[in-house]
Amino acid sequence: MSGTRFNRSIRTLVIFGTILIGLLRPVWADDALDPATFLRPVPAGIEDLRTIEMMAQQIAEKVVPCTVGLQVGQARGSGVLVSADGYIMTAAHVTGRPGREVLVSFPNGKVTRGKSLGMHTAADIALVKINDDGPWPYVPTVSFDDFPEVGEWCIASGHPRGFQTERTPPIRLGRIVDIRDDVMRTDCPINGGDSGGPLLNSDGHVIGIHSRISGNLTENLHGPVLACLEVWDRLKSGEIYPPLPPSQFLDLLDRNRDGMLSGNEFSDGYYRQLYDRLIERFDLDPKKSYPLEQLAESLNWKGSPTISWGKNYDAQTRTDNSLKDSRFVRGSEVTTIFKELTREAADIAVRIERNDKVVSLGTIVGPDGWILTKATELKDTKTTDAKNNLVCVLGDGRKLPAKLVRTHQPYDLALLKVEATNLPTIPLYSGDKLPLGSWLITIGPKGEPESVGIVSVSARRIVGTPGVLGVEIARSETEAQVVRVFPKSGALAAGIKAKDIITHVFDTEVHNINELRGQLAEKRAGDIVTLKVKRGDDNLVFKVTLGQADDIFFQFAPTQFNGPLSSRRDDFFRAIQHDTVIQPNLCGGPVLDSRGRMVGLNVARADRIATYMVPSTILKSLVVQWTSTEQPPEPQ
């Protein structure tokens, strides 16, 4: 998006004056935040980080009530209120077309209805108007005088993976990586369901609407709001802008974007070959220029074209102005600054290994050898034993055999004991809840800041779903016969085959799919179950590690765009969600806040945009209880 594109006349500004009222004043204008902080390529130090944190906290407070869930037919997405009289910005691919009924859900539980208006097809942005009168909570849009810049800090909100009544819209932090015509890229992580949610600048103004993602966690694309402000009245009237081409194929061949098709706009290559085939197939004059509208009509290609929302974005083609990777929120130049906060706590993180392979991190919670970690990562799938050959590698390099003392299913925690004394510890913070937008620093296996993020959702219950074997079972009242074994499933890894008949789960007999489901209902992903199976004349026994249903049964599994996730990533009694990006085997390590206090322990990498942390207030209670007895109880 070039600066000249938005260099509009005073007349244009007057036209849009009604929607720009109040934009000159940031949402945090009453608070003493230094604007220079947000202009520096890299934060100058801890104080800059705390200023960024304060900005994130204040914007989170403003944007959460205004971030709505939308349902348009079968499509679901996010949106943001940008005016008191009920105008909502969302993604064009969520509304689909103007004039559709829209169900609008607010984080506070209120539900109302609206109607889809016009859309900007190139920027993938649409308008929705709530039917009822306001005033409605809203956040303002950016003005033409303050369009986004590369490197600017930004906040994302939305409803990833759909609107959830028990969860407020998660908040995420990022920086603008690149700006091009009708698209912005950030390292601010978004996910499916976020489409239509807002991207805000450090002033708390909406600068973009979430559009799409790729497998690269730092490739998150947003439509620029300023593109819509240019044609705001046309979108309010229900117009589709730019007009949809009469044919997507012909539009693809119009390389110089003049609305005409002629041979002189092609050089040798793929598009030239397509053009030559078109000319030959329909006996067209290669020396003539054809208006697309006329050509589509003569070829009988008129109708409802398939809409391709937004434009393709080639992340490999960097501009001279693109943000350096090292300056991303989790880039080396930024995370280095956090070393000042983690220095005193560097040695409380330990590596937990089996056969010289890191299976998880651990956190020293007692000077006489007590270490807390994530339980399911300790399991040896070959023996189903979490106690087998565990070694803790301390910060000073010592490798000590570890004994499993106990596990705790509600939080997927395990307490280990090593023979050592005077180990380094820091107090578990027992303060009140952490505000949305607060910095969180995950300490890595060498004591360094492994990754950073912010509090996205306050502590809440993470609902659990049953783990699955990864098989299809025949509909029968008398036997549980396997019809199909799914790829990437625990059943396949264990050796289960089609036509096997499952007769027992552990020692309980099962006769059909319902009884099988009943035995697995309380089991979670990562749990290991023993199956007795009849295969022909043979009676076999298999140990199967249960998986997550959406990893196995759905074509577009979460890991496709998220990278590796924890095998158990739900069913936690209480956890804080944050947007830190870590590997599953780095769960179990300590998490600090911007004051260097230990505020929790990572317990699951749950999604592209979500890591779960058990709060330190809960850890403190458990640690006191577990380590106060002279004879620790046997593992549970």
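C392 is a buried residue, with a relative accessible area of 0%; buried means under 20% relative accessible area, exposed over 50%, and partly exposed in between, using a 1.4 Å probe and protein chains only. Keep in mind that this is a predicted model, in which local features need pLDDT of at least 70 and side-chain atom pairs count only at pLDDT 80 or more, while totals for chains, interfaces and linings use all residues. Residues are numbered from 1 along each chain as its sequence is written, and side-chain values use heavy atoms, with hydrogens and water left out.

**Cysteines**

- The count of disulfides comes to zero, a disulfide being a pair of cysteine sulfur atoms within 2.5 Å.
- C154 is in no disulfide, and its nearest cysteine sulfur, that of C188, sits 4.7 Å away.
- C154 is buried too, with a relative accessible area of 0%.

**Nonpolar cores**

- The largest nonpolar core has 109 residues; such a core is a set of buried Ala, Val, Leu, Ile, Met, Phe, Trp, Tyr and Cys residues joined through side-chain atoms within 4.5 Å.
- M89, W153 and W439 have the most contacts inside this core.
- Helix α3 (residues 46-63) gives the core its largest share, eight residues; helices here are DSSP runs of H or I with at least four residues, strands are runs of E with at least two, and both are numbered from the N terminus.
- Setting aside neighbours within four places in sequence, M89 is in contact with a list of residues including G79, V80, L127, I209 and W232, where contact means heavy atoms within 4.5 Å.
- Another core lies apart from the largest one and has 20 residues, among them V471, V482, I496 and I513.

**A seven-stranded sheet**

- Seven strands make an open, antiparallel sheet in the order β20-β19-β16-β17-β18-β22-β21; two strands pair if DSSP finds at least two bridges between them.
- At the edges are β20 and β21 (403-408), each pairing on one side only.
- From one strand to the next, the twist averages 35 degrees; axes are lines fitted to C-alpha atoms, for helices over the stretch in contact, and angles run from 0 to 180 degrees between N-to-C directions.
- β16 and β17 pair in the antiparallel sense over six bridges, and R354 stands opposite K357 in β17.
- Helix α16 (residues 616-627) packs on the sheet and touches β17, β18 (370-374), β21 and β22 (413-417).
- The direction of α16 makes about 45 degrees with that of β22.

**Salt bridges**

- The whole structure holds 24 salt bridges, each a side-chain nitrogen of Lys or Arg within 4 Å of a carboxyl oxygen of Asp or Glu.
- K399 pairs with D356, their closest N and O atoms being 4.0 Å apart.
- That pair links distant parts of the chain, with K399 in strand β20 (residues 399-401) and D356 in the loop between β16 (349-354) and β17 (357-366), 43 residues apart.
- D356 is exposed, with a relative accessible area of 65%.
- R569 and D551 meet in a salt bridge at 2.7 Å, N to O.
- R569 lies in the loop between α15 (559-562) and β31 (572-578) and D551 in helix α14 (residues 549-552), so this bridge ties together parts 18 residues apart in sequence.
- R569 is buried, with a relative accessible area of 6%.
- Salt bridges with shared partners join R161, D550, D551, R569 and D607 into one network.
- E239 forms a salt bridge with R234, and their closest N and O atoms are 2.9 Å apart.
- E239 is partly exposed at 25% relative accessible area, and R234 is partly exposed at 37%.
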